[in-house]
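Let's take a friendly walk through this model, beginning with a pair of chains and moving on to a metal site and some backbone details. Please keep the viewer open as you read.

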Amino acid sequence: MRFVDEFRDAEQARALAARIAARCEPGRTYKFMEVCGGHTHTIYQHGLEDYLPEQVELVHGPGCPVCVIPMGRVDDAIAIARRPEVILTSFGDMMRVPGGDGSFLDAKAAGADIRMVYSPLDALKIARQHPDRQVVFMAIGFETTAPSTAVTVLRAKAEGLTNFSVFCNHVTILPAIKAILDSPDQRLDGFLGPGHVSTVIGCEPYRFIAEQYGKPLVVAGFEPLDILHSIDMLLAQLAEGRCEIENQYSRVVPWDGNPTALKVLGDVLELRPFFEWRGLGFISHSALRLTEAYADFDAERRFDVPGVRVADPQSCQCGEVLKGVLKPWECKVFGTACTPETPIGTCMVSPEGACAAYYNFGRFRRQRLLQVTAR
Amino acid sequence: MRFVDEFRDAEQARALAARIAARCEPGRTYKFMEVCGGHTHTIYQHGLEDYLPEQVELVHGPGCPVCVIPMGRVDDAIAIARRPEVILTSFGDMMRVPGGDGSFLDAKAAGADIRMVYSPLDALKIARQHPDRQVVFMAIGFETTAPSTAVTVLRAKAEGLTNFSVFCNHVTILPAIKAILDSPDQRLDGFLGPGHVSTVIGCEPYRFIAEQYGKPLVVAGFEPLDILHSIDMLLAQLAEGRCEIENQYSRVVPWDGNPTALKVLGDVLELRPFFEWRGLGFISHSALRLTEAYADFDAERRFDVPGVRVADPQSCQCGEVLKGVLKPWECKVFGTACTPETPIGTCMVSPEGACAAYYNFGRFRRQRLLQVTAR
Amino acid sequence: MSGEVTIDGPVTEAGAKAVAGVSEQAVMERVARARRARARIREERLTMAHGAGGKATQSLVEAVFLEAFHNPQLAALDDAAALTVAGTRLAFTTDSYVVSPLFFPGGDIGELAVNGTVNDLAVAGARPLFLSAGFILEEGFGVADLTRIVTSMAAAAKAADVRIVAGDTKVVQRGQADGCYITTAGVGLRERAHDLGVDRARPGDVVLVSGPVGDHGMTVLIARGDLDLQVDLRSDTAPLHGATAALLDACGAGVRAMRDATRGGVATVLNEIARAAEVGIVVDEEAVPVRPGVRGAAELLGIDPLYVACEGRFVAVVAPDAADAALAALRRHPLGEQAAVIGRVDDDPAHLVLLRTRFGGTRIMDLLVGDPLPRIC
Amino acid sequence: MSGEVTIDGPVTEAGAKAVAGVSEQAVMERVARARRARARIREERLTMAHGAGGKATQSLVEAVFLEAFHNPQLAALDDAAALTVAGTRLAFTTDSYVVSPLFFPGGDIGELAVNGTVNDLAVAGARPLFLSAGFILEEGFGVADLTRIVTSMAAAAKAADVRIVAGDTKVVQRGQADGCYITTAGVGLRERAHDLGVDRARPGDVVLVSGPVGDHGMTVLIARGDLDLQVDLRSDTAPLHGATAALLDACGAGVRAMRDATRGGVATVLNEIARAAEVGIVVDEEAVPVRPGVRGAAELLGIDPLYVACEGRFVAVVAPDAADAALAALRRHPLGEQAAVIGRVDDDPAHLVLLRTRFGGTRIMDLLVGDPLPRIC
Amino acid sequence: MCLGIPGEVVEIMADRPDLAQVDVSGVRRAINIGLFEPGEINEGDWVLIHVGFALSKIDEAEATAAMDFLKSLGDAYADELTALRSSTID
Amino acid sequence: MCLGIPGEVVEIMADRPDLAQVDVSGVRRAINIGLFEPGEINEGDWVLIHVGFALSKIDEAEATAAMDFLKSLGDAYADELTALRSSTID
Ligand code: SF4
Ligand code: SF4
Ligand SMILES: [Mg+2]
Ligand SMILES: [Mg+2]
Ligand SMILES: [Mg+2]
Ligand SMILES: [Mg+2]
Ligand SMILES: [Mg+2]
Ligand SMILES: [Mg+2]
Ligand SMILES: [Mg+2]
Ligand SMILES: [Mg+2]
Ligand SMILES: [Mg+2]
Ligand SMILES: [Mg+2]
């Protein structure tokens, strides 16, 4: 596959690994946060850490759209889905995310009409096919996904559809990064910036990270060589005493993002004053909702949404994991009470979630594995 | 079973058979019409003709509610049932009755929501359970069944149900009997009167049959001894030169019928100016519909009923059979193209239908059967 | 309620004349030939009648399945196929269970799925040994209900001395099943040398039924609740291998055929025998054991108990000289205490079952058309 | 799109301290023990995940079915139960087929229902002989479609040299099935003396796959149409008895185990082997044959082709010295032209499958949790 | 036409006087007695049931009279047969 | 986050200029190109696809540059390794 396989080459990985190892100062450790769950997934899926020296530690950030949804929002969505007239549509990713009283999959098993879609436009298609039903799209995702929702709403309006609405859970990445930088217990040496968010917002908005917080950030692609390359770039900045925003993923990310997408997004969606993030609590101006002009398509206005607030389970330490304070295995319930089959926290659900990636793809007994596979 | 088994006694049947045989004048044949399909069913189910001398011939009348429904009414009902909001409810008897384009069973298989009920009140229950649907009851039957429909409509009104209506196909027996008596090709010696219709209308209304047409009528019960007894009573009248209305079924039929039922019926239902009968064509004042006061519960007013008119198939001779002009086996398609699995006419559908009873329970090679079973 | 009467009917003389001169006998012989003709399926879509065990089912099986799969074992349409593998005489059968409700007085779908397949092996004269079970489960189905069903299957398997050795589970979307469907297949060993088969009935043979008929079907119909009937009835579901073995032990080759009277009831089994063996069967209605509750419900609903399914009763055809031993052997078995001789095989009228009614009359007892639906006429 | 940021999160130090002093290694050993623990089922209701072939299916099978039906043949969870009846070595298996759509490029539910059961017998080392077929049909299902399915079954049976000797048909109400479900069971003869079993894999053994993986599952997923993808793919459905026989002829007792890679794909089969034999398996991602269309669709949908079902591919574990002969034998067979050695068995880490990625890294390849759902993250 | 079946009224429902429990050979069902005036149908009465309604109250005296008549015919016939047989045997 | 996959635009739909057919390893799908101005996306372009939308147009020059850089590293490393090996053998 073009633009994919080229960036999965083992030989070049070995070269990059050697370069990375060479850059590490003896006795110093480097802690980088991959903001994005997509990076986490790549790291584990390809076994990328096998190429990293012990000195380089990657910690998982808050950039998994599924992981940051608070339980109460899941319950709210289920409450909407339980209405007999409603078809709730959702990406497959959401199906197993636990709310306070089960997941979409459980609600579906109990009779709610919940359907998976691949694109928000598929939800629109379902709305056209079922004029007698109310079709609600459970919108999740960062700035990457929000423009697609916005286009879909524009289309619904243009077609005059009265049975389509959006339950909007779009979040924005910058306030989450700022929250982490403001967290007192965090010591990071730099960031792997979210590649696909950046296709929309570009690279400029990260400047405050370098300038106000003094941390370098490299916007990174999602193939394993992209990540190794980005780590190499971060190490280079540190070695050279630079602190900049760089773009490793320039084949996909224009420095200024996608102006058309930003315009559509600004037309249809606006910042909420506050939004709750799983584990992180309420963060101001961190999420999106439909503007007044599109209020007719806002499920929160169309339906009586209970606005459930569910305290995270006592045992859940997703917040710490999302902030990079704890490694997944340091959570008390990791891998025993909390597994991908019976997730307690959302980080265990999405294959992008730090805990799920760690559990499914494993990093444990890493030396042993290397030994075994090298035979 | 009390009031049932006593009237199925083989020994008493033999006594009655002897008496009947003794009453028959040598060289004379007797042709009696059992008006009622229930009688037809009893006759075949119990093999009653084994007890009758060749001189006594029973011919089947028009009294099978299913058999007289014209194909167009079936099609109309299916058109209603096809509406997505409608649940059509119907007695099991109607399920296989062919319209111009298939039966209820076929329409159900093709997606219409058609459900069987045992009582019109069950249809009401379904309406209560599905407030978001329109529940239509396909009402069929003579004066026996019409009062139950009337009570059901009264109850629906009392409960203020707005999602229940009746597609009324109730017919009245007297115009049909009169039509047969007026038919030029009919030579009958008397009638077995419809026992269960008479529980409602009583025996008086038949008087014109004796007085204007000079035919005796005995209101007959439905157990085999009831029928043999009634035949004996008819033969007695003929032998004695009487021509009267008599009531063999006095344990169930009061001479004056059921005044409460008649009142309810008169309140809720009224005669239609005309109604089409399968095979008999249009007969004036022969069927019932809801009165103006209950117009809200009339499916014909609530829905846009197409009012389909379907010519009976060329090969169909149900009319002749219903009038007793043809025996079932004399119809050209009997038992070959027209069978209970693939009925062309309605007489082949209901187990009360003359053709179905004849086909299913058989009378053919009657002597041979007697031979075989007597071994 | 009365008024002027006018008539606008078709002319009738033409029709009446069309068949003038043709005798009833000639017509009825033509009809009899048509009755025996190979089944065709005319509908474009399946209706519930195609699953009811009567004529529509027969048409479906003959026109679609036998047509495609033609081989002698299947064509016999026996309860179980008789196979010989490396010299070992096996019986092999399958049935799918879709009963509603899943739990009913006297049993549940799990017990049924074991007993039904055990019985198909048993009436084929085989010793039931191993079962497989394929589950099709509806999304949302209760795990507790499933556990109850599976536990009941295990108990039934133990009671029937068979092992469930192979299985499969599928889950389908909500609304694409009715909770739980089970398909079992069974393998048995045909230990006895002599073969059974419904085509082996001979004129003079005697027909027995192992107990009261219709309990299962009527129990389930009423348990559905639509009819609002209450009655103290229980399904007759039971494994018949003991009773069939007792009969075979007592009569040996005197047993011509056995068949469990499931879907379509005793009447259907008798018709299948009459067709397969090209014989007539005359049944004495009075002799057929029917419980009062079954009879009462049947009268209320306008259904004939002889067409109502049993799940623990079988019909046996035995040679005339084995009849007494057969009845005695059955009556000694707990599941055959009310066994009865209900009729006999005759050479004529071939392919037909005749009923000598309780009233003393005679009629044909044909395969059912469509479902045995409650009726009001 | 920017503004004042405030935080109102939980205190984090407490959590962080709770595990202080516990090593990653200690935690991961506890986790590994939990991984191996007997499956439990916690849900009150079944979800689609219970039918997807991954962990939920495993829990359901172990906690409900094995628990109730405990017997050695079933507990082996082999593709087919190994039975011995009157000295004859038989294999017996069943599967239910609920595929949607019923017709897809390269096959249909009928062909699948025959091949699937034939394959379960074949990979058990048996010669497939006889099948049964139970049909659960939805009221309203088209007779023409049914005929097409049944005709296709007949052709598949002929191709696989088996006979369909027993059958059953049920019709359920409209809305209580998805057109047509088929459950087949199969009986085969275990002609060879040596036994196969997924518990027989030994460290040092070599793992092969008979051809490109995921064609069937991806074809069906795309044929459903919801994803609006067009691709030139066909189901790989095929009877494997010829290929398995060729392998057994070539390697005899060198063949330890075979399993067809159906629901859950090759990854699931490998996990089943690792669990049953208490071994580790190391797979070379690069060596696994995957067609470009499958790969492209998998990337688009965020699905791993190793978890996607095949219906005409099997995994074989062979002794080290039989590996070359095995690969050669498979490659000579038309269904094994693209056969490949994809990994080997190791003694450690027991119960786990490790994937050496194309990129040169290593990761666990566990049983799937839930359905392989298309995802956007 | 119109399947009708005799059943015994075993209970008038207290809260719904238009409903009665009837018994048919041990089978029970609630039926509607709204085609009779209140008080007309009582426990112990036999009624003819049609589509879930009591259509008619069975007149036991009339039933007995009919049965007696039929029985008398049967007896007479049996006597005659016996006489016939003895005459033949003689 | 946000699975994105490169695909080649093989057709702009004539009747729906906001839709394009893309090809990913032989798999085709219609995707929405409404996040670009009309004319910005053309046949032969490669785009990054996310939830059925083209999110970004892939810059082939940048991609080539990145690949060349990585390749140069790889080649250098390979040379080094060869050198190392020869030195060991020697
Ligand atoms: S192990 Fe579970 S509860 Fe703990 S941080 Fe991970 S997802 Fe949250
Ligand atoms: S045989 Fe058929 S068409 Fe002819 S009269 Fe009877 S029902 Fe009508
Ligand atoms: Mg059977
Ligand atoms: Mg069977
Ligand atoms: Mg059911
Ligand atoms: Mg059976
Ligand atoms: Mg299976
Ligand atoms: Mg298998
Ligand atoms: Mg199997
Ligand atoms: Mg399907
Ligand atoms: Mg299988
Ligand atoms: Mg069967």
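A polar contact here is a pair of N or O atoms within 3.5 Å; within protein, one must be able to donate a hydrogen and the other to accept it, and residues adjacent in sequence count only if both atoms are side-chain atoms. The model is predicted, and between chain D and chain C it has 24 residue pairs in polar contact, both residues being at pLDDT 80 or more.

On the chain D side, the elements that give two or more residues to this contact with chain C include helix 3 (55-69), helix 6 (143-160), strand 6 (127-138) and strand 7 (163-172) of chain D. By type, the residues of chain D that touch chain C divide into 41 nonpolar, 22 polar and twelve charged. The contact involves 75 residues of chain D and 75 residues of chain C. About 6,300 Å² is buried between the two chains, with carbon and sulfur atoms giving 69% of that area. The rule also finds two salt bridges across this interface. In the one between D:D168 and C:R263, the closest N and O atoms are 3.6 Å apart.

Now for the metal site. Which residues are the protein donors of the magnesium ion (ligand 8)? They are D:D79, D:D120 and D:D260, each through OD, at 2.1 to 2.2 Å from the ion. Their spacing in sequence reads D-x40-D-x139-D. Distant parts of the chain are linked here: D:D79 sits in the loop between helix 4 and strand 2 of chain D, while D:D260 belongs to strand 11 (residues 255-260), 181 residues away. D:D79 and D:D260 are both buried. Another magnesium ion (ligand 7) lies 5.9 Å from ligand 8.

Finally, the backbone. Most residues other than glycine have a negative phi, and most peptide bonds are trans. The table collects some exceptions.

| Feature | Residues | Angle |
|---|---|---|
| cis peptide bond | C:S100 and C:P101 | omega about 0° |
| cis peptide bond | D:S100 and D:P101 | omega about 5° |
| positive phi | A:H285 | phi about 50° |
| positive phi | C:D161 | phi near 60° |

C:P101 is in the loop between strand 3 (88-97) and strand 4 (103-104) of chain C, and D:P101 is in the loop between strand 3 and strand 4 (103-104) of chain D. A:H285 lies in the loop between strand 12 (281-284) and strand 13 (288-290) of chain A. With a relative accessible area of 26%, A:H285 is partly exposed. C:D161 falls in the loop between helix 6 (143-160) and strand 7 (163-172) of chain C. C:D161 counts as exposed because its relative accessibility is 59%, and the cut-off for exposed is over 50%.

Methods:
Residues numbered from 1 in each chain as written. Chains lettered and ligands numbered in written order. Predicted model: local features only at pLDDT ≥ 70, side-chain atom pairs only at ≥ 80, totals over all residues. Heavy atoms only, no water. Contact = heavy atoms within 4.5 Å. Buried area = accessible area lost by both parts, 1.4 Å probe. Salt bridge = Lys/Arg side-chain N within 4 Å of Asp/Glu carboxyl O. Helix = DSSP H or I, 4+ residues; strand = E, 2+ residues; numbered from the N terminus. Nonpolar A, V, L, I, M, F, W, Y, C, P; charged D, E, K, R; others polar. Donors = N, O, S within 2.8 Å, 3.2 Å for Na, K, Ca; no water. Buried < 20%, exposed > 50% of the residue type's maximum accessible area, 1.4 Å probe, protein only.
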